Amino acid sequence: MRFALIGNPSVGKSLIFNQLTGLGVEVSNYPGTTVELQRGNTCFQREMVELVDLPGVYSLEGGSDEEDLVRRFLEQQDTDAVIVVVNVTRLERNLYLLLQVAEYGLPMVVVLNMADEAAKLGIEIDPAPIRDLLGVDVIQTAASQGKNIDRIIPAALAATRPSKVEIPYDHHVEAAVRSLGKMFLVDRKESVRALQGFGDNPELLEAARTIADEIESRHRMTASQIIAANRHNFAHRIADLTLKEELLLRQTDPDSILTRLFPGMPILLGILVGMLLLVFVVGSFLEEIIVEIFNVFAIQPFLALGLPPLAEELGRSILLALQAGLGIAFPYVLLFYIIISVLEDSGYMTRAAFLADNAMHRLGMHGGAVIPLTLAFGCNVPAIMGIRLLHSRRERIIASFLVTMVPCSARTVIIAGIVGSFVGLGAAFSVYGIVFVLILITGLVLSRVTPGERFGMIMEMVPLRRPDPKLVMKKAWARLSEFLFIAMPLLLVGSVVLGLLEFFGIMAIFEGIVEPYTLALLGLPGYSATALVFGILRKEMAFETLAILAGTADLGAVLSSLQLYIFAVVTVLFVPCLATITVLLREVGSRITLAITVYTVALGLLIGGLMYRILS
Amino acid sequence: MLPSTFEDYLEAVLAITGNGGQSATLQEIAAALGTEREATGTTIASLVEEGYLERATDDAVRLTEKGLSVASVVARKHRVLQCFLTEMLGVDADAASKEACTLEHDISDETIDRLSSYMDGAQPPAGRMGHCRSRDTCTLLDCKEGDTVKVATIRGPRRHRRLLDLGIFPGEVVQIRRKLPNQSVVVRVKGCDIAISPEIARSILVESCP
């Protein structure tokens with residue numbers, strides 16, 4: 001048996017999916033979180049049930065990637081029943097999608113989710129009209145409390161008949177549906193879709209276009225507009241029957257402060273700067289403690305053992321890698337992920353998008369781009385995947401450039417660990433300043449030179465919610481464990497390889513070759529070039545490698561402040577890490593990826609070189 | 001027939017001088033057309049030679065009678081074409097203006113007359129053609145925060161399908177929840193708040209609600 005979950009964005013599909021399957025799909029409070037099909041299994045009365053979590057969509061007939069994906073899935077009829085999840089606090093808009101799904105003629109169950117929030121708003125729900133009009137089973141749930149979730153699977157198993165609903169369209173549309181049906185032997189749904197220009201039978205589309213033009217000239221509305229209006233009006237009627245709203249006292253509306261330029265803008269900037277400051281201050285404090293503990297309890301006792309030189313070199317490399325890895329992971333990466341998860345779950349990101357819309361237009365994108373740009377502070381990889389919420393290729397190209405330039409948590413480690421600890425906090429923030437100015441300039445230039453169409457933003461402001469601490473921690477932990485399991489082995493192997501190269505003197509040869517260049521260009525010793533190269537694997541490895549190569553964690557003793565500062569700036573700008581390059585290849589193609597890589601290398605070396613000339 | 005560059009120059013002079021009475025400086029003309037100053041000077045000189053322009057001062061010219069009649073014909077063609085492109089076909093205003101600039105030189109007088117009378121004859125719903133003749137309908141951007149208005153038409157309806165799916169379609173009543181000084185708006189429709197960029201809000205024509 002296979003069932004599919006379908007619904008508007010942010011209605012709790014992924015939450016229900018997680019509760020039914022026990023899997024950890026990411027839940028966020030903004031449109032576009034789930035962009036791929038997620039599959040999971042659950043057992044009911046010793047029978048295996050496969051669940052598919054579809055991305056949240058507003059319609060089956062828009063042109064976006066998610067909408068295409070969901071529509072193709074429904075067209076394949078590859079599911080035994082669909083479970084339509086509906087947010088009762090926004091019932092009317094949700095019913096619009098429900099009616100479209102009902103036209104596909106698959107057995108279905110309706111889940112009225114967020115019954116608890118509706119009760120808080122004083123909305124009383126009567127599920128009978130939906131049950132009678134559509135002829136399907138209706139369940140009221142509260143996914144955040146896990147209420148009635150266990151009734152979904154039995155209801156889906158019992159659902160065998162498709163909905164019997166027929167949306168009453170305008171009589172011209174109805175006439176067109178009848179004649180198209182007679183001429184081409186297609187069903188109602190296919191005729192309606194053909195009138196809107198969707199389908200794959202060219203003759204049917206041709207005929208439908210002629211009729212649609214006729215309808216348009218009579219109504220002065222396009223056929224799509226008429227059909228959408230009919231569906232919305234029908235949804236409105238059902239919603240009226242279903243809801244009995246008792247007027248309660250209106251709660252205070254946080255949007256009255258969040259979406260005004262003042263104080264909304266200062267709040268937005270405050271959140272971003274506060275996030276960086278908090279990670280910086282708390283992160284470096286925690287890191288010092290972890291590094292100190294490691295020094296006293298692991299490295300010093302190990303060196304005191306007096307092992308043979310090769311074994312000692314190997315052991316020391318492993319311990320240094322562990323020290324650097326743990327010192328980075330817990331304080332910086334975890335903290336960033338916690339803050340970003342809170343921002344995501346609260347629904348604040350859509351407010352930020354609205355406020356930043358104008359500024360983002362200057363950079364050639366629309367307000368939605370703020371979401372990936374903010375996510376990029378945690379890690380560039382999910383942020384690059386997030387640029388899908390931009391419509392045009394032009395916007396995606398610009399966003400992919402800018403996102404890869406945002407200092408992610410790994411680069412924060414470099415800034416905090418090298419500049420923050422050895423040069424000063426002010427200097428560390430000036431690195432951010434430099435990077436942000438470069439991002440701005442890049443955006444301004446790209447928006448002028450990138451060809452392609454501009455699209456504006458049409459974005460739903462999702463309801464603000466208090467993030468559930470348990471869910472936030474779970475999400476942050478899931479992301480951190482990815483870091484631990486993927487990055488730590490890399491760190492360990494890299495560290496051991498470096499230790500061995502060093503031991504056999506190969507390193508010295510390489511450094512001897514590059515040293516004249518790095519000294520002349522950036523004023524940095526040869527081993528810093530090795531660190532930069534290792535930084536391509538994982539950004540934080542640049543820091544850790546530098547420490548290993550310098551032979552001490554106290555970098556201030558071997559390099560001058562200026563050298564450390566330049567090293568940090570170059571590393572932060574230099575080449576996106578391997579993981580980022582991989583997703584870039586998938587999302588924007590090899591040419592743009594190459595352009596981004598070349599651009600960032602050139603920019604890093606140029607800025608580093610300029611600073612060396614000016615400051616020394 | 002004049003080459004299209006000449007027509008563009010005469011049209012620009014007409015636009016700068018209003019109805020042709022005053023004079024336009026070389027600098028203004030170069031700025032309006034986005035051309036080099038030197039090239040502008042040469043073209044103006046040959047236009048003066050042919051009797052379309054006359055020199056008012058050393059650095060400024062005005063239209064002669066002959067020039068004025070050519071300029072007005074071209075300007076009218078531009079207006080009619082732009083109106084047709086934006087209001088009937090739903091082309092974006094900037095793009096329509098550019099396109100009208102190219103089309104105006106080749107289109108015959110008769111076609112323009114027919115197009116103009118065709119547009120007058122078409123009985124448009126409130127809001128669609130209104131923009132061309134009078135200013136009694138407005139876009140979402142002309143509304144104030146807190147206004148409740150009814151959507152009349154959406155220009156370029158095929159471009160923004162998501163508006164339809166979120167419930168913003170002709171006939172629907174929406175409330176303007178927030179309007180920033182930079183023209184981004186939030187409208188409430190069907191109990192949900194939708195944030196909309198200025199250029200999209202501009203394409204939504206509304207009527208005030210009774």
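Chain A is assigned three domains: domain 1 (2-158), domain 2 (171-245) and domain 3 (261-615). Those bounds come from an automatic or database domain assignment. The centres of domain 2 of chain A and domain 3 of chain A, taken over C-alpha atoms, are 51 Å apart.

Before going on, some housekeeping. This is a predicted model, in which local features need pLDDT of at least 70 and side-chain atom pairs count only at pLDDT 80 or more, while totals for chains, interfaces and linings use all residues. Residues are numbered from 1 along each chain as its sequence is written, and chains are lettered from A and ligands numbered from 1 in the order in which they are written.

On confidence, pLDDT is the predictor's confidence in each residue, from 0 to 100. The average for chain A is 86, and 97% of the residues score at least 70. Within chain A, the highest mean is 94, in strand β4 (residues 81-87), and the lowest is 78, in helix α24 (residues 539-550).

When I say helix or strand, I mean DSSP runs numbered from the N terminus: helices are H or I with at least four residues, strands are E with at least two. Two strands pair if DSSP finds at least two bridges between them.

Let me start with the strands of chain A. Strand β1 (residues 2-7) of chain A runs parallel to strand β3 (residues 47-53) of chain A, and four bridges join them. One position to look at is A4(A), which stands opposite V52(A) in β3(A). Strand β2 (residues 38-44) of chain A is joined to β3(A) by seven bridges, and here the two run antiparallel. F44(A) stands opposite E47(A). β2(A) and β3(A) make a hairpin with two residues between them, and Q45(A) in the turn has a positive phi of about 45 degrees.

Next, the cores. A nonpolar core is a set of buried Ala, Val, Leu, Ile, Met, Phe, Trp, Tyr and Cys residues joined through C-beta atoms within 7 Å. Buried means that 20 or more other C-beta atoms lie within 10 Å of the residue's own, exposed means 12 or fewer, and partly exposed is in between, with C-beta atoms placed from the backbone. Which residues touch the most other members of the largest core? They are I83(A), V84(A), V110(A) and A568(A), in a core of 194 residues. Helix α13 (residues 309-346) of chain A gives the most to this core, with 15 residues. Leaving out residues up to four places away in sequence, V110(A) touches V84(A), V86(A), L98(A), I130(A), V136(A) and V138(A). There is a second, separate core of 16 residues, which includes Y9(B), L10(B), I44(B) and L68(B).

That brings us to chain B. Its domain assignment gives domain 1 (1-122) and domain 2 (138-208), with C-alpha centres 35 Å apart. Chain B has nine helices and nine strands, and 37% of its 210 residues count as buried.

Chain B has an open sheet of three strands in the order β1-β3-β2, with antiparallel pairing. β1 (24-25) and β2 (53-55) of chain B are at the edges with a single partner strand each, so one side of each has no neighbour in the sheet. Two bridges join β1(B) to strand β3 (residues 60-63) of chain B, and the bridge partner of A24(B) is V61(B).

Now, where the chains meet. Two residues are in contact if their C-beta atoms, placed from the backbone, lie within 7 Å. The contact involves 31 residues from chain B and 30 residues from chain A. On the side of chain B that touches chain A, the elements giving two or more residues are α8 (161-165), β8 (192-196) and α9 (198-201) of chain B.

What is the order of the strands in the seven-stranded open sheet? The order is β9(A)-β8(B)-β7(B)-β6(B)-β5(B)-β9(B)-β4(B), and the pairing is antiparallel. β9 of chain A and β4 (138-139) of chain B are the edge strands, each with a single partner, so one side of each is left without a neighbour in the sheet. Strand β9 (residues 458-461) of chain A is joined to β8(B) by four bridges, and M459(A) has A195(B) as its bridge partner.
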